[in-house]
Amino acid sequence: MARLAVFGVAATLMIVGWRRGWKPSLRVTLLTAIGLRVLTMAIGGDFKPYDLNIDFHRAGINVLNHRDPILNAPQTGWNYLPTYAIFLAGNVFIERHFGVPWMMISRVGPILFDLGVVVLVGLLAGRKHAPAARFQYATNPLIIMVAAIHGQMEPLCLLFAVGSFVLIRRDGPDLTGRRVLLAGVLIALAISVKTWPALFIPALLIGLPDWRRRCRLLAAMSGALIVLFVTMPLTVGTPVRQLPKVMSVMLGYHPIVGTFGWSSVVMWLHPVPTAKLLHDPFSAAIGSVGSLLTLVAIAAAVWWWRRAHPVDIAMVSASTFQLVTASHGVQYLSWAMPFATARPTRWTGLMGMALSVYAAFGYYVMTLVRNWRQLAPWYYMASLLVIPVIALALPWGRRQVSPAEGDSEPALAGAVP
């Protein structure tokens with residue numbers, strides 16, 4: 001009941017704040033954000049997500065012992081550049097030397113990163129809408145659960161990614177080459193934590209005024225990623241001869257299919273034993289088809305909104321992924337929220353609430369029932385109810401940015417004032 005009570009408080013604050021246009025100060029917003037996240041972490045301490053409790057802990061131990069986290073993990077245990085694994089190694093050090101429980105220290109980082117995203121959402125929204133946008137993001141139950149319950153990497157990904165968008169805002173002559181280079185480094189860091197922030201690259205490029213700056217951003221991004229990869233023998237002890245294998249693992253990774261959207265129905269009609277999901281030809285085919293479909297759909301969506309505001313394009317890219325992907329995790333639902341909150345449509349609040357309810361059922365209900373394996377297919381297929389809400393909340397009326405619209409004071413057609 002305590003979990004539902006905290007969820008209800010956050011949801012009420014988000015809905016009432018959205019409808020009444022609350023615009024509290026940054027201090028009040030951050031205090032509210034901290035309070036909700038700490039409470040959520042406290043009541044969720046007995047819930048131990050497998051990836052946070054096992055995969056992340058193992059990755060931290062490996063890096064602390066100067067062992068490659070990919071080569072020393074089971075399949076799908078770790079599939080990323082070492083950026084977050086190095087951070088997790090610090091958490092393991094604190095756990096071992098200061099006695100802080102893993103399920104506490106591993107959630108502190110995501111909560112702090114999430115507070116940074118709250119601030120950046122305000123900067124992304126512009127001076128007029130910043131207080132309302134910050135508060136909406138701070139009280140969004142989905143965002144709170146991903147950080148304080150699941151302890152996921154998404155908050156750090158979003159911190160870097162949203163920061164890159166803040167840097168490229170065109171405020172006149174201040175869009176210097178240094179800011180563009182730094183934006184490239186930030187999006188590279190986001191991709192190094194998890195690969196999905198690559199979704200935002202088209203929006204970043206469209207947001208820049210000329211190809212000289214676009215090439216500069218791509219060069220900075222590529223250079224940072226290359227440095228992070230080739231220095232893995234130094235940072236995490238990867239044998240040089242194993243670097244091609246590590247690259248193959250990172251590029252070939254995708255989550256298990258059938259846990260969201262259309263693929264959940266396909267896998268329900270053609271069930272595959274859980275133990276065989278990673279190697280079954282049918283599930284592999286669904287994953288391949290889903291990957292191709294996702295790439296085509298995102299490319300089409302970016303083209304359709306190519307003249308829109310870059311923040312809208314980022315929201316569209318992330319949301320399109322949710323609409324068509326075959327491979328999914330609940331935490332993925334947070335990807336579009338900073339951009340949707342900074343530039344809301346009339347239905348953004350409804351989307352935030354629908355996704356929060358869906359995620360809460362997974363985090364709070366499915367983890368408490370004994371026969372969750374029997375209920376899981378029905379939960380996955382329930383995602384078909386939230387997919388239309390995601391589509392409804394897309395900025396359909398903002399396919400072209402107004403010539404009079406400035407980045408600092410965006411005109412939000414259809415948004416609740």
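Student: What does a side-chain oxygen of N140 reach at the start of α7?

Tutor: The backbone nitrogen of L142, to within 2.9 Å. That is a polar contact, because N or O atoms within 3.5 Å qualify, where one must be able to donate a hydrogen and the other to accept it, and residues adjacent in sequence count only if both atoms are side-chain atoms. Two notes on the source: this is a predicted model, where local features need pLDDT of at least 70, side-chain atom pairs count only at pLDDT 80 or more, and totals for chains, interfaces and linings use all residues. Residues are numbered from 1 along each chain as its sequence is written, and side-chain values use heavy atoms, with hydrogens and water left out.

Student: What makes a stretch a helix or a strand here?

Tutor: Helices are DSSP runs of H or I with at least four residues, and strands are runs of E with at least two, numbered from the N terminus. Helix α7 covers residues 141-148.

Student: What makes α1 oblique to α7?

Tutor: Helix α1 (residues 2-20) packs against α7 at about 140°, with the axes 9 Å apart. Angles under 35 degrees count as roughly parallel, over 145 as roughly antiparallel, 65 to 115 as roughly perpendicular, and the rest as oblique. That makes the pair oblique. The axes are lines fitted to C-alpha atoms, for helices over the stretch in contact, and angles run from 0 to 180 degrees between N-to-C directions.

Student: Which residues make the contact between α1 and α7?

Tutor: From α1, F7, A10, A11 and M14; from α7, P141, I144 and M145. Contact means heavy atoms within 4.5 Å.

Student: Is R134 buried or exposed?

Tutor: Buried, because its relative accessible area is 13%. R134 sits in helix α6 (residues 130-138). Beyond residues up to four places away in sequence, R134 touches several others, including P24, L26 and V119.

Student: How do you know that E154 and K194 form a salt bridge?

Tutor: Their closest N and O atoms are 3.0 Å apart. The rule asks for a side-chain nitrogen of Lys or Arg within 4 Å of a carboxyl oxygen of Asp or Glu, so the pair passes. By this rule the count is six salt bridges.

Student: What does the pair of E154 and K194 tie together?

Tutor: Parts that are 40 residues apart in sequence, because E154 lies in helix α8 (residues 154-167) and K194 in the loop between α9 (177-193) and α10 (201-207). E154 is buried at 0%, and K194 is buried at 4%.

Student: Why is D210 called partly exposed?

Tutor: Its relative accessibility is 22%, so D210 gets that label. Its salt-bridge partner R213 is at 18% and therefore buried. Their N to O distance is 2.5 Å.

Student: Which residues join D312 in one network?

Tutor: R343 and R398, through salt bridges that share partners. The bridge between R343 and D312 has an N to O distance of 3.1 Å.

Student: How many disulfides does the search find?

Tutor: Zero in the whole structure. A disulfide needs a pair of cysteine sulfur atoms within 2.5 Å.

Note on methods: Buried means under 20% relative accessible area, exposed over 50%, partly exposed in between (1.4 Å probe, protein chains only).
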